[in-house]
Amino acid sequence: MLQQVKELVLKDIRLNWRERYALYSMLLYVLSTSYVAYLSFEGVINESSWVALFWIIVLFAAMNASLQSFKRELNYQALFFYTLADPRAIILAKTLYNSGLLIVLTLISYLIYSIFLGNPITANLSFILCIVLGSSALASVLTLVAAIASKTNNSAGLMAVLSMPLLFPLLLNLIKTSQICLVEEELFLAGNQILFLALLNIACVLLSYLLFPYLWRD
Amino acid sequence: MQLKWWKILGVLLVLYSIIAGLLMPVPHLDILNETIRNLYFHVTMWFGMIFLMLFSMIQSVRFLNGFDKTRDLKAEALASTGMFMAVLGLTTGMIWAQFTWGTFWVNDPKLNGTAVTMLIYLAYFILRNSIENEDSRARVSAIYNILAFVMMIVFIGVLPRMTDSLHPGNGGNPAFGNYDLNSSMRMVFYPAVIGWILVGSWIAQLRFRIKVLEINKENK
């Protein structure tokens with residue numbers, strides 16, 4: 001099982017590296033939205049708008065990124081994978097890959113965003129922890145929703161409708177945590193929120209682990 | 001035509017809660033005044049909704065355990081009845097808010113929770129309609145239903161406790177349970193909750209049966 005997960009993650013990395021244009025398009029998306037934000041706020045932005053805008057940009061980048069994750073698997077290669085791998089291994093591998101991708105993407109966005117709009121965060125360590133946990137929670141919800149949406153005719157449109165309300169609690173929590181990171185250096189003040197993020201992460205992964213096998217066999 | 005005991009009980013309890021809720025004495029509190037009677041109708045709707053959504057989720061889980069089509073239809077009927085109760089709960093709440101807080105809508109975690117819950121379940125119905133193949137529709141929507149219920153519980157159960165709310169029991173506002181939901185109000189409130197859950201289940205059952213009849217008619 002673990003072996004399978006490892007192989008599948010490596011396969012995803014290799015395949016997506018071969019088709020790098022998708023990665024570049026995500027980076028371009030982050031770059032252009034940050035620049036639009038910079039232009040529209042004229043470089044002057046208050047702290048809570050900074051936080052809210054950052055997470056909204058990340059949210060849409062995440063949605064775009066995970067929309068592509070089941071493009072291959074659930075179409076022509078589905079049967080092939082069905083005979084080869086355990087569905088649980090497939091969803092775990094996808095979630096892992098997407099989490100890794102999103103963590104990197106969010107960190108890069110943080111960098112680009114800070115260059116254009118400044119960086120009001122004082123508690124950098126807590127904020128990076130928040131980014132890591134938040135992006136992996138985003139990834140684990142979005143991976144399962146992408147799998148669900150890929151079963152429908154209009155997956156791109158449905159993806160937003162299905163995932164947006166589900167991501168609401170997560171997004172609000174991320175914004176709240178980041179606002180704590182604006183003022184406080186101490187880790188323990190954001191501790192409760194970070195614990196919530198971690199628990200949400202575990203719950204999402206567990207749900208996908210339990211539910212995906214039913215989605216997979218068609 | 002035999003009427004099951006729980007349906008009679010549900011109707012009796014709801015009737016009792018309407019009569020007693022409007023006639024029995026209530027504590028006189030500032031601002032709330034007589035609007036406190038809305039508690040019997042507004043809060044009970046939310047209890048009813050959450051229980052119906054819970055039943056719906058249980059039906060979805062049981063559907064995934066054996067792929068019995070009727071379970072999927074039951075899950076849909078329960079969810080749509082729960083949605084109906086959510087609309088009623090929202091309307092009663094908005095009217096109540098207008099008279100106590102001064103506006104129909106405030107930025108309050110419980111209200112946001114409600115809005116998100118309704119969006120989640122609307123998405124569930126859209127998902128159902130966007131898949132043509134019946135087998136995969138049932139399966140996919142059952143999976144989304146389970147996911148949706150868990151997320152809804154996280155949202156309305158956990159998040160409001162982390163922030164302030166205008167609702168009683170949050171952010172320094174006293175809960176009804178502390179002193180103002182006195183024993184005479186409890187005597188009406190709890191029966192009303194049970195009554196609405198039973199009546200809601202009955203409505204859902206009727207919806208399910210109508211659906212089955214429609215499907216049978218189509219297949220003929």
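1. A:Ile90 counts as buried, with 3% relative accessibility; buried here means under 20% relative accessible area, exposed means over 50%, and partly exposed is in between (1.4 Å probe, protein chains only). A:Ile90 sits in helix 5 of chain A, residues 87–117. Leaving out residues up to four places away in sequence, A:Ile90 touches A:Leu8, A:Phe81, A:Ala85, A:Phe212 and A:Trp216, where a contact means heavy atoms within 4.5 Å. A:Val9 is 81 residues from A:Ile90 along the chain, yet their C-alpha atoms are separated by 8.8 Å.

2. Before going on, some ground rules. This is a predicted model, in which local features need pLDDT of at least 70 and side-chain atom pairs count only at pLDDT 80 or more, while totals for chains, interfaces and linings use all residues. Residues are numbered from 1 along each chain as its sequence is written, chains are lettered from A and ligands numbered from 1 in the order in which they are written, and side-chain values use heavy atoms, with hydrogens and water left out.

3. Now chain A as a whole. You'll find 8 helices and 0 strands in it (helices are DSSP runs of H or I with at least four residues, strands are E runs of at least two, numbered from the N terminus). Of its 218 residues, 52% are buried. Take the contacts between residues at least 6 apart in sequence: 85% of them join residues at least 24 apart. Chain A exposes about 10,100 Å², with carbon and sulfur atoms supplying 68% of that; the areas come from the Shrake-Rupley method with a 1.4 Å probe, and for residues only the protein chains shown count as cover.

4. Chain B has 7 helices and 0 strands. Buried residues are 50% of its 220, and 76% of its contacts with a separation of 6 or more are between residues 24 or more positions apart.

5. On to the holes. The whole structure has 2 cavities of 30 Å³ or more. A cavity is a set of points, on a 1 Å grid over the protein atoms alone, where a 1.4 Å probe fits but cannot get out; a pocket is an open set with protein on both sides within 12 Å along at least five of seven lines; and lining residues have an atom within 4 Å of a point. Around the second largest cavity are A:Ser140, A:Val141, A:Leu144, A:Cys204, A:Leu207, A:Ser208 and B:Leu147. By class that makes 5 nonpolar, 2 polar and no charged residues (Ala, Val, Leu, Ile, Met, Phe, Trp, Tyr, Cys and Pro are nonpolar, Asp, Glu, Lys and Arg charged, and the others, Gly among them, polar). A:Cys204 is itself buried, at 4% relative accessible area.

6. The second largest pocket has a lining of 2 nonpolar, 2 polar and 9 charged residues. Closest to its centre, out of 13 lining residues, are B:Leu73, B:Glu134, B:Arg137, B:Lys211 and B:Ile215. Helix 7 of chain B gives the largest share of the lining, 5 residues.

7. Last, the cysteines. There are 0 disulfides over all chains, a disulfide being a pair of cysteine sulfur atoms within 2.5 Å. For A:Cys181, the nearest cysteine sulfur belongs to A:Cys130, 5.6 Å away. A:Cys181 is buried, with a relative accessible area of 1%.

Technical notes
Grid points are joined across faces, edges and corners, and a volume is the space filled by probe spheres set on the points.
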